[in-house]
Amino acid sequence: MLQVKLIVTGDDFGYCPRRNQGIVDCFLAGAVSNVSLLVNGSAAADAAELARRYNIPIGLHANLSEGSPVCEVLKTTSSLLNQYGFFHGKMGFRTALSKGLLNMSEVKQELKAQVELFRELTGHLPPHMDGHQHVHVLPEVRHVFAEVLEEYGIKYTRVPIEPGLHNCDWIPPSLMDFYLGVEEDSFNTVDVFTKHGIRWPDIYIGLSTMGKNMSVSNIWSAIDAAIVEFMSKAPAHLTPQSGTVTIELMVHPGYPSVPPVGGCGEGPDDFSQSWERLHELQTLIKPELQSHYKTRNIQLCSFKDL
């Protein structure tokens, strides 16, 4: 029987104490198998301590778009900051990039500073590193990101190309436009990451199952459809009877942030305060989801297990 290795990554670990607690609860329930740490998050040190205490596999969620930089020399004057001294924001970063306003040497400085802070907080380098709000696959940034991973010997990342995304008619048009932009950037990133010897799971899922769109049946059908599509294009040595397929499912569970606590320097955003965080948590810990993994020969793991 085809073996499926599923990495369920809880993003934004370190964002606030309530997000941390929700992710830990999911990990202890066997619903999350890996976490991604925001080192500029207000509860990053607490998150690193929780990962140590519960032996939670942890990687780096590189952040160039929300809150404050961790690199000291960039905290006052930098192309990465807006007039208020914070990162430009999810869309603001993309706008500044498209206008040629971002200095890539500063991007590299900040990424390296985040890797170093991660090592300081956890005692080791991240086994995997991805980008908050998918900034790591953007033009120009992708090259610098790949260089940093290669320099530190970080083997794994995330490439957010989700099978079946175009058929998800429940995603509102404005959000779908953003997702399709992420997808296009990801396609253009594949060769860059490959050239630098960086790897990622065979399949990525997480855009179609995010927030209120998460349900047990949505996760099931996304996994099943992705495997069918992958196998139809798979190399000859992979058959439904033999071989291993790796999947990363990106999730954002947690207990909603309560202002002013949380965030990455500017307080918590709407996304972190919404009921959708709790909805994801409650969906992921449902026993029927766990039993589905067992019947489908799906083994939860982390990047260290690949």
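Mentor: A residue is buried if its relative accessible area is under 20%, exposed if over 50%, and partly exposed in between, using a 1.4 Å probe and protein chains only. Before we use that, note that this is a predicted model, where local features need pLDDT of at least 70 and side-chain atom pairs count only at pLDDT 80 or more, while totals for chains, interfaces and linings use all residues. Residues are numbered from 1 along each chain as its sequence is written, and side-chain values use heavy atoms, leaving out hydrogens and water.

Trainee: Let's start with rings. How many aromatic pairs does a search of the whole structure find?

Mentor: Rings of Phe, Tyr and Trp (its six-membered ring) pair if their centres lie within 6.5 Å; planes under 30 degrees apart are stacked, over 60 edge-to-face, and the rest tilted. The search turns up four such pairs. In one of them, the ring centres of Phe145 and Phe193 are 5.8 Å apart and the planes stand at 35 degrees, so this pair is tilted.

Trainee: Which helices hold Phe145 and Phe193?

Mentor: Helices (H or I, at least four residues) and strands (E, at least two) are DSSP runs, numbered from the N terminus. Phe145 belongs to helix α5 (residues 141-152) and Phe193 to helix α7 (residues 190-195), so their pair ties together parts that are 48 residues apart in sequence.

Trainee: And are Phe145 and Phe193 buried or exposed?

Mentor: Both Phe145 and Phe193 are buried. Now look at Tyr156 and Phe303, a tilted aromatic pair with 5.7 Å from centre to centre and 45 degrees between the planes. Tyr156 lies in the loop between α5 and α6 (173-187), and Phe303 in the segment after β7 (298-300), so parts 147 residues apart in sequence are tied together by this pair. Tyr156 and Phe303 are both buried.

Trainee: Which residues form an aromatic cluster?

Mentor: Phe145 and Phe193 come back here: together with Trp200 they make one aromatic cluster.

Trainee: Where does the charged end of Arg277 sit?

Mentor: A charge sits over a ring if NZ of Lys or CZ of Arg is within 6 Å of the ring centre and within 35 degrees of the ring normal. The charged end of Arg277 is over the ring of Phe271, 3.8 Å from its centre.

Trainee: Next, helix packing. At what angle do the axes of α4 and α5 cross?

Mentor: Axes are lines fitted to C-alpha atoms, for helices over the stretch in contact, and angles run from 0 to 180 degrees between N-to-C directions. The axes of α4 (residues 104-122) and α5 come within 10 Å and cross at roughly 35 degrees.

Trainee: Which residues of α4 and α5 meet?

Mentor: Contact means heavy atoms within 4.5 Å. From α4, the residues include Met104, Leu111 and Arg119, and from α5 they include Val141, Phe145 and Tyr152. The residues of this contact divide into nine nonpolar, no polar and six charged (Ala, Val, Leu, Ile, Met, Phe, Trp, Tyr, Cys and Pro are nonpolar, Asp, Glu, Lys and Arg charged, and the others, Gly among them, polar).

Trainee: What does Gln114 touch?

Mentor: Gln114 is in helix α4 and is buried, with a relative accessible area of 0%. Leaving out residues up to four places away in sequence, Gln114 touches Val39, Leu60, His61, Ala62, Asn63 and Val70. Its C-alpha is 9.9 Å from that of Leu64, 50 residues apart in sequence.

Trainee: And the backbone? Which peptide bond is cis?

Mentor: The bond from Pro259 to Pro260 is cis, with omega near 5 degrees. Pro260 is in the loop between β6 (244-251) and α9 (270-273).

Trainee: What is the phi of Gln133?

Mentor: Gln133 has a positive phi of about 60 degrees although it is not a glycine. Gln133 is in the loop between β4 (129-131) and α5, and at 18% relative accessibility it counts as buried. Asn297, also not a glycine, has a positive phi near 60 degrees. At 29% relative accessibility, Asn297 counts as partly exposed, and its place is in the loop between α11 (287-295) and β7.
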